[in-house]
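My notes are below, in the order I looked things up.

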Amino acid sequence: MNSRARRFFVFAHAAAASLAASTAAAQSWRTLDVARQLKDSSPASVQVVYGMGKIGVRATSNPLLYHMQLRYDATRALPKHTFDATARKLQIGVQKSEVRFTGRSDSDAGHLQLELSKSAPLDLDLDLGAVESDLDLTGLRVSRLRVGSGASDAKLRFDSLNSARMSLLEISLGAASFRGDRLANANAQDVRVDAGVGEVELDMGGQWTQDIELKVDITLGVVTIHVPSDVGVRVSLQKTVASFEHEGLIERDGAWVSRNWDSAPHKLRVTAKTVFGKLAIDRTGR
Amino acid sequence: MRTAILPLILAVAVGPLMARQAAAIQQRPTAEKQPAAESAGKSTAPARAVEASDSVKVQLSKVAIDSLTELVNRFRRDPEAVKLPPTDQIAMGGRSIPAGTEVAGPVVAAGGPLHVFGTVNGDAIAVGSDVIVHPGARITGNAVAALGAVTLLGGTVNGEIRQLGGALGAVPAAAEVAESPARSTRHALALSSSWLIILVLMAIGVLLFAGDYLDGVVDSLEGRFGRSFWAGIATQLALAPVLALLIVALAVTILGILLIPFAIVAFVLAVVGLITLGFLAIARITGESVAPAASKRYSARGAALRALVVGVSIYMGLWVLASAFAWAPIVETVLRGVAVAITWVATTAGLGAAILSRGGTRRSAPTVPLPAVNDIPWQTPTPVAGVVAARRPTPSSSAKR
């Protein structure tokens, strides 16, 4: 390397260092750990708001109603953690989340880890922005679940049967990638997925305790529904310019049904609406 | 932050109340309860009097107390702080609430642990240390530890258990951050320098992988600068209508609707590519004219790279210069205006040249080297030889042939 090239690289490093210094100086990283002891197992409603970073939700075996561990930049975010003991309503997460270009990598973004009680039935409302979320609701007693997500990469899973019957499982996505694993374990009769642009993968595996009504509305994107082979499927589709992969389904009365529809112990009724999307039903029983 | 707190804690002259000492207190609650009850009448705050004799008085140096006071004051300014009593009511070095006693909160300890064996009616707070809730203890409010931990060994906390870590104190407002001249200058410099580096790297990439196209645009610019500039302006004016036409054309065909998003992305990429190619071409010409390379010293590619780096540095240097005056808004505005104007002219001409040369694929007609004309046979013929005079070829007629 000649002297000119060396000088160029020194300059490049100096510029990069100044960029890093300027962004680092504008931050104020803090950690906040909040929890509340569990007094009884009365139902509670939990509203989680988180705009940017990574979020994880899971159950805790400790005698706590909730436990949040938050790492945040105080110049951009304001934590929120209020619990109304009378109404049994918890509002938790980050109140203000200013999006600012800093050149940081994702690993430097904020992080929220929320643990919730296994004992109390929860009405769970997750309002997520541009976040990477891992929602492992295994072991929780969820009576209602709403996941609203902007531009994010979200994963939702129920590895064991939800001991509370869920009245509604609602997933509302903007431009996002969403994957739901073993959703039959959610124990919900009514499942609604509303997606703008993105890729949605719904695994309806798990323990079936009832028939499920699944409503899917996607504008532009791909929805893949994995259904166990012993479950009967009926798909009613409204599509404008969209494709539908219906391998193993036969057309009957204006809908597509699986061959075991009449004999199946449990049934999945899919009502789908798509404009520029693609709906695929996979019955390989993954 | 924790490392900053460590010397502070070490500065405590006499060690804070340790867990073992607290356990010792816990073992003889009845013995200590009696004097506490006796002292109740002497105090204006009965609850404090009850526990006052049960606390181990810790002697701290003045430096340590000052440091702890500063830490407490920072905590007061923290958005996550709870309401604290006056500093003289804060137990510096640690405190213990014995079993069987009941004190009114908030109870605050700084620089040493707050052991709770009894009942705190309100918040229990530790600054720079831990709150330890022992079996049988009860806190009716919150248990808060700033730069420490809340340890539950049993007992109950009716409120929230809260631990604060990292930076402590008031959060600088975003507006304050933005208004700092040094910060804004540093930020602007970093941004413009980053763009300079990105453009130099792009120039190297274009030279390596699309050198021929760059040469084509450079040829077009050198031959027809004025025409390139006007073509650039026409292109800028036509961009939006062309995109609209493209979308309408695709929408007319039903299948084409699906291609609209891709067409928009492709259109934007194509325009950005042409602008970049044109800008780099004009940067190269500028670099060649400002700092011509000695022909023997550099290879053709080396000379082109040198010219590109010099040219890009000149154009982006204007932006860096403007950024360096971010602390002086008027100067910065003037310099930025100059940078905008010069960059716009360069980019417009470059874009026009890129369009005229079809992205560098069409070169200007090469200049045909004129054949050397041997004048000797075309001397005026002599009448002796009787040769018929013929038209003497001119360079232009030779080129036509």
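**Entry 1: before starting.** I'm reminding myself that this is a predicted model.

**Entry 2: one sheet in chain B.** I looked up the strand order and got S2-S5-S8-S11 (chain B), an open sheet of four strands with parallel pairing. The edges are S2 (95-97) and S11 (150-152) of chain B, each with pairing on one side only. I also checked how neighbouring strands in this sheet are turned against each other: 10° on average, ignoring direction. Inside the sheet I picked S5 (residues 114-116) and S8 (residues 131-133) of chain B, which are joined in parallel by three bridges. There, Val116(B) has Val133(B) in S8(B) as its bridge partner.

**Entry 3: another sheet in chain B.** Four strands again make an open, parallel sheet, and I noted the order as S3-S6-S9-S12 (chain B). Which strands sit at the edges? I found S3 (102-104) and S12 (156-157) of chain B there, each pairing on one side only. I followed S3(B) to S6 (residues 119-121) of chain B and counted three bridges, parallel in sense. Val103(B) has its bridge partner in S6(B), namely Val120(B).

**Entry 4: S13 of chain B.** Is this strand mostly covered or mostly open? S13 (residues 160-166) of chain B is mostly covered, with five of its seven residues buried. Next I went through its pairings. S1 (residues 29-37) of chain A runs antiparallel to S13(B), with seven bridges between them; in that pairing I found Thr31(A) opposite Gly165(B). S10 (residues 143-146) of chain B also pairs with S13(B), here in parallel and through four bridges. For that pair I wrote down Ala143(B) opposite Ile161(B).

**Entry 5: two helices in chain B.** I checked how H10 (residues 260-290) and H11 (residues 300-324) of chain B pack, and got an angle of about 100° with the axes 6 Å apart. Angles of 65 to 115 degrees count as roughly perpendicular, so that is what I call H10(B) and H11(B). On the H10(B) side the contact includes Leu280(B), Ala283(B), Arg284(B) and Val290(B). On the H11(B) side I noted, among others, Ala304(B), Arg306(B), Val310(B), Ile314(B) and Tyr315(B). Sorted by class, the residues in this contact come out as eleven nonpolar, three polar and three charged.

Terms used
Residues numbered from 1 in each chain as written. Chains lettered and ligands numbered in written order. Predicted model: local features only at pLDDT ≥ 70, side-chain atom pairs only at ≥ 80, totals over all residues. Axes fitted to C-alpha atoms, helices over the stretch in contact; angles between N-to-C directions. Parallel < 35°, antiparallel > 145°, perpendicular 65-115°, else oblique. Contact = placed C-beta atoms within 7 Å. Nonpolar A, V, L, I, M, F, W, Y, C, P; charged D, E, K, R; others polar. Pairing = 2+ DSSP bridges. Buried ≥ 20, exposed ≤ 12 C-beta atoms within 10 Å, placed from the backbone.
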